[in-house]
Amino acid sequence: MDRNDALRLVKEQLTDHRYNHTLGVMETAIILANQYGAKEKKAELAAIFHDYAKFRPKEEMKNIILEQGMPSELLQFNSELWHAPVGAFLVQKEAGLDDEEILDAIRYHTSGRVNMTLLDKVIYLADYIEPGRHFPGVEEVRDLAKVNLNQALIKAMQNTIQFLMKKGQPVFPATFYTYNNLVMYQED
Ligand SMILES: Nc1ncnc2c1ncn2[C@@H]1O[C@H](COP(=O)(O)OP(=O)(O)O)[C@@H](O)[C@H]1O
Ligand SMILES: [Fe+2]
């Protein structure tokens with residue numbers, strides 16, 4: 001699938017604001033992929049499709065999580081987490097995209113996962129730092145992303161966990177495990 005076909009499919013699913021965010025993630029993912037040696041075409045497609053399910057009704061997402069045997073624990077946490085695994089499923093089903101590496105990067109773009117692939121990391125980070133993002137701490141992560149992918153990811157996850165905890169919200173544990181995994185096993 002080429003970029004324009006993918007963009008056309010995604011545009012139908014998103015608001016203009018979310019589509020612009022997607023374009024920002026695409027540009028950023030391509031830069032990060034080239035910088036850190038991930039496959040550019042895979043990064044481009046994963047970025048384009050990463051929020052495919054963002055505006056699906058909660059009931060539909062809930063049913064897919066249950067029917068497809070996804071971790072039902074997800075349902076106890078912030079529904080913001082659901083569009084990532086549901087998106088991976090729907091991108092395969094509706095857009096016919098069959099590349100497991102791309103589907104995984106979509107699936108884990110919100111929570112992260114232990115042993116993230118290079119592509120997972122590129123998409124997670126591109127989503128966090130694309131030029132349309134403006135929130136406290138984003139600039140620090142942008143600076144880190146220029147020099148060290150893992151450090152940038154660790155900072156982004158720290159920020160996300162702290163943000164949720166400050167608001168007294170539950171934290172889906174995959175993000176803690178991902179954070180620990182990066183801190184304990186990173187090579188640089
Ligand atoms: N571990 C987690 N537990 C609960 N909510 C989380 C967790 N990680 C991220 N979130 C929430 O998910 C949302 C971000 O989703 P994400 O897919 O990264 O971005 P976007 O909003 O652009 O789709 C935020 O509301 C964030 O607080
Ligand atoms: Fe998302």
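Predicted model: local features only at pLDDT ≥ 70, side-chain atom pairs only at ≥ 80, totals over all residues.
User: How many residues surround ligand 1?

Analyst: The closest residues include Arg 18, Lys 54 and Thr 110. Arg 133 and Thr 175 also belong to the closest group. The count of residues that surround ligand 1 is 18.

User: Which elements give two or more residues to the shell around ligand 1, and where does ligand 1 sit?

Analyst: Ligand 1 sits in the largest pocket. Two or more residues of the shell come from each of these elements: helix 2 (16–36) and helix 9 (149–166).

User: What is the distance from a polar side-chain atom of Arg 18 to an oxygen atom of ligand 1?

Analyst: Polar contacts here are pairs of N or O atoms within 3.5 Å. Asp 51 has a side-chain N or O atom 3.3 Å from an oxygen atom of ligand 1, and for His 83 the corresponding distance is 3.2 Å. For Arg 18, the distance is 2.6 Å.

User: What share of the accessible area of ligand 1 does the protein cover?

Analyst: On its own, ligand 1 has 570 Å² of accessible area. Of this area, the protein covers 85%.

User: What percentage of the span of residues 18–132 is helix?

Analyst: UniProt, in an unreviewed entry, lists residues 18–132 as "domain: HD". The end C-alpha atoms of this span lie 10 Å apart.

Technical notes: Residues numbered from 1 in each chain as written. Chains lettered and ligands numbered in written order. Heavy atoms only, no water. UniProt positions renumbered as here; feature names shortened; annotations may be inferred. Helix = DSSP H or I, 4+ residues; strand = E, 2+ residues; numbered from the N terminus. Near = heavy atom within 4 Å. Polar contact = N/O pair within 3.5 Å; in protein donor to acceptor, adjacent residues only side chain to side chain. Areas by Shrake-Rupley, 256 points an atom, 1.4 Å probe, with all protein chains shown as cover. 1 Å grid on protein atoms, 1.4 Å probe; cavity = no way out; pocket = protein on both sides within 12 Å on 5 of 7 lines; lining within 4 Å. Sits in = over half its atoms within 2 Å of the grid points.
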